Amino acid sequence: MGVILHGTREQIARQELKKVTFDLYDGAIGFVNIRNVHWKFVYLHALSNHIYVVDPLQGSNEVEDSRKAAYKFGEYFKMRRNRLGKEDWVSIKWQPAKITHTFQNDATSCGAFVMQMAKMTVKEFPKIPKTFHIKSSQHLRRDMAEEILRGSVSKDDFCSFCGIEDLPTTAVDAVWIQ
């Protein structure tokens with residue numbers, strides 16, 4: 001997302017995603033990092049041709065950011081057509097749009113906010129969320145980490161280092177990672 005929105009033409013050309021066929025999807029979500037200090041949420045809703053750049057920090061012009069993103073993604077998909085012959089999403093005329101949302105009330109919660117926005121988007125899909133209401137608290141990050149850990153694979157089922165499901169039955173078969 002960041003390269004497409006803020007990269008040079010050469011950087012964007014390296015982001016061809018040759019194996020991806022966007023027409024198989026009804027949308028895409030991601031995050032963009034701004035100057036290595038801030039995160040914004042990006043949502044392309046192909047069913048409605050809308051694109052959203054949502055900033056958890058108050059004060060930005062999200063409609064203008066979305067308008068610029070609509071142009072950049074349009075150019076990106078044209079570049080994929082020209083370089084790879086891929087027609088997917090190239091005919092979409094992206095329209096900037098805005099989702100009402102709560103704002104972070106500190107200088108460090110943007111990452112947690114955009115992750116919550118992504119979660120809410122996935123839960124609502126294919127509908128577009130009308131609003132992102134995120135309760136900011138000092139425990140937001142901890143609660144998110146706990147949820148991620150609860151949803152992850154049990155360490156009893158897979159080796160925590162190499163990911164192999166079936167652990168060796170004898171010491172001779174075991175390969176240890178230091």
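Eleven aromatic pairs turn up in a search of the whole structure, which is a predicted model.

| Ring pair | Distance of centres | Angle of planes | Class |
|---|---|---|---|
| F31 and F41 | 6.2 Å | 50° | tilted |
| F41 and F132 | 5.9 Å | 85° | edge-to-face |

Take the pair of F31 and F41. F31 sits in strand 1 (residues 27-34). F41 sits in strand 2 (residues 38-45). F31 is partly exposed, at 33% relative accessible area. F41 counts as buried, with a relative accessibility of 0%.

Next comes the pair of F41 and F132. The planes of these rings stand at 85°, so the pair is edge-to-face. F132 belongs to strand 6 (residues 131-132) and F41 to strand 2, so the pair ties together parts that are 91 residues apart in sequence. F132 is buried, with a relative accessible area of 0%.

Elsewhere, ring pairs join F22, F73, Y76, F77, W89 and W94 into a cluster.

Now the helices. Helix 4 (residues 110-124) packs with helix 5 (residues 140-151). Their axes are 10 Å apart, at an angle of about 45°. Helix 4 and helix 5 are therefore oblique to each other. Their crossing is left-handed.

Which residues of helix 4 and helix 5 meet? Helix 4 brings A112, F113, M115, Q116 and K119. Helix 5 brings L140, R141, M144, E147 and I148. The residues of this contact divide into six nonpolar, one polar and three charged.

Key. Residues are numbered from 1 along each chain as its sequence is written. This is a predicted model: local features need pLDDT of at least 70, side-chain atom pairs count only at pLDDT 80 or more; totals for chains, interfaces and linings use all residues. Side-chain values use heavy atoms; hydrogens and water are left out. Axes are lines fitted to C-alpha atoms, for helices over the stretch in contact, and angles run from 0 to 180 degrees between N-to-C directions. Helices (H or I, at least four residues) and strands (E, at least two) are DSSP runs, numbered from the N terminus. Angles under 35 degrees count as roughly parallel, over 145 as roughly antiparallel, 65 to 115 as roughly perpendicular and the rest as oblique. A crossing is left-handed if the near helix is turned anticlockwise from the far one by less than a right angle, and right-handed if clockwise. Contact means heavy atoms within 4.5 Å. Ala, Val, Leu, Ile, Met, Phe, Trp, Tyr, Cys and Pro count as nonpolar, Asp, Glu, Lys and Arg as charged, and the others, Gly among them, as polar. Rings of Phe, Tyr and Trp (its six-membered ring) pair if their centres lie within 6.5 Å; planes under 30 degrees apart count as stacked, over 60 as edge-to-face and the rest as tilted. Buried means under 20% relative accessible area, exposed over 50%, partly exposed in between (1.4 Å probe, protein chains only).
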